[in-house]
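Morning, everyone. Please bring up the structure on your screens, and we'll walk through a few spots together.

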Amino acid sequence: MDTHLDMTDSLMVPLSIDHFIDGSLLPADVFFKLQPNKYIPVGKRGQASHFRDLHLFKDKIKDKKLQIVHLQKSELKDFVNKCLLSFQKIDVGVDGLDLKFKFLAQSSDLVIKQFEFLGVNSETVESARLLTKSIQEVARQSHSVIELLHRFKDLPGNRASQALCVSTVSAMIAIELGWASDSLLEKVSIGGLLHDIGLQNFPDSLLRKSYLDLTSQERALYETHPYVGAQILRTVPGIPPEVISIVHEHHENSVGEGYPRRLDDGKINPLSKIVGLATQFTELVLPSGNEEPLKPEQAVNYIQNVLGQPFNSECYKAFTIIFGKKKQSG
Ligand SMILES: [Fe+2]
């Protein structure tokens, strides 16, 4: 049993076992980490996935949760694309929206992980584009933001969850505004998914703090992330300019009090106005760092009364219409 292999940690990618459907064929070899640079194979490409035997390693490792397995980095791209394609086949009409949401959350985690381990390039952005097809489908099927958040309630407060939530809420606002062409909706949802891509190389110590707790020096660095993100995307061929604008402007607001450029309503790209509002709302309702999230109604109240509703009025109106919309009126 103890036939462990010497493998370099930097060439391995950790993944939750939730990414594997029990009994489905494994799209890649899967390993369990025993200790630094030592792994043991627990599944072979093409075999059915069963991780029930992981408990056999319980005595050998510190992490007793046994929730994380590893793939070789070179197999990540293939693995993610196979997962995304199979997740896409889930039919909301037959399988239900709940299952679609579960896989959406997992796919979002994979796509963000891919950026982290393989960088931002044409192939990893293509995976993000593939994911936004499912996001658009869910946005069209969701009756209200409250209903959406209810389904997202178990999302961990990580960047993948934030990205997914911003992308879906943005697509819902765009649909309510009547901007339902596939092309516009795709740009809004990709921009929403990639909005914080500029944060990926920032130190964890900075990202764990809430914005209000940052020192002035840390805040100045943090506020460069929209620009950094836009610069990263400019190096990728084929990214629509509107998506770059969304990433650059997702912390701007209509009264010119956002960052990094303090743009006002006349200067902000119309798609960025949507994503800016969705970003602010998501930051309030999803847990992050050690801050307690607000309830959806409290978040709207905060935007309205504490922030003074600084976002584009048409976007905000559309957002309030879909906020608590009842099923029968949708
Ligand atoms: Fe951001």
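Let's start at R262, which sits in the loop between α11 and α12. Keep in mind that this is a predicted model. The phi angle of R262 is near 50°, a positive value in a residue other than glycine. Is R262 buried or exposed? It has 12 C-beta neighbours inside 10 Å, so it counts as exposed.

The peptide bond from Y259 to P260 is cis, with omega near 5°.

N37 is not glycine either, and its phi is near 65°. Find N37 in the loop between β3, 30-35, and β4, 38-43. N37 has 15 C-beta neighbours inside 10 Å, so it counts as partly exposed.

Next, helix α12. At 1.5 Å a residue, its 16 residues should span 22 Å. The end C-alpha atoms are 24 Å apart, which agrees. Of those 16 residues, 14 are buried, so α12 is largely enclosed by the rest of the structure.

What about its partner, α13? The axes of α12, residues 270-285, and α13, residues 296-306, come within 9 Å and cross at roughly 130°. That makes α12 oblique to α13. The crossing is right-handed.

Which residues of α12 and α13 meet? From α12, take Q280, F281, L284 and V285. From α13, take P296, A299, Y302 and I303. By class, this contact has seven nonpolar residues, one polar and no charged ones.

Key
Residues are numbered from 1 along each chain as its sequence is written. This is a predicted model: local features need pLDDT of at least 70, side-chain atom pairs count only at pLDDT 80 or more; totals for chains, interfaces and linings use all residues. Axes are lines fitted to C-alpha atoms, for helices over the stretch in contact, and angles run from 0 to 180 degrees between N-to-C directions. Helices (H or I, at least four residues) and strands (E, at least two) are DSSP runs, numbered from the N terminus. Angles under 35 degrees count as roughly parallel, over 145 as roughly antiparallel, 65 to 115 as roughly perpendicular and the rest as oblique. A crossing is left-handed if the near helix is turned anticlockwise from the far one by less than a right angle, and right-handed if clockwise. Two residues are in contact if their C-beta atoms, placed from the backbone, lie within 7 Å. Ala, Val, Leu, Ile, Met, Phe, Trp, Tyr, Cys and Pro count as nonpolar, Asp, Glu, Lys and Arg as charged, and the others, Gly among them, as polar. The expected span of a helix is 1.5 Å times one less than its number of residues. A residue is buried if 20 or more other C-beta atoms lie within 10 Å of its own, exposed if 12 or fewer, and partly exposed in between; C-beta atoms are placed from the backbone.
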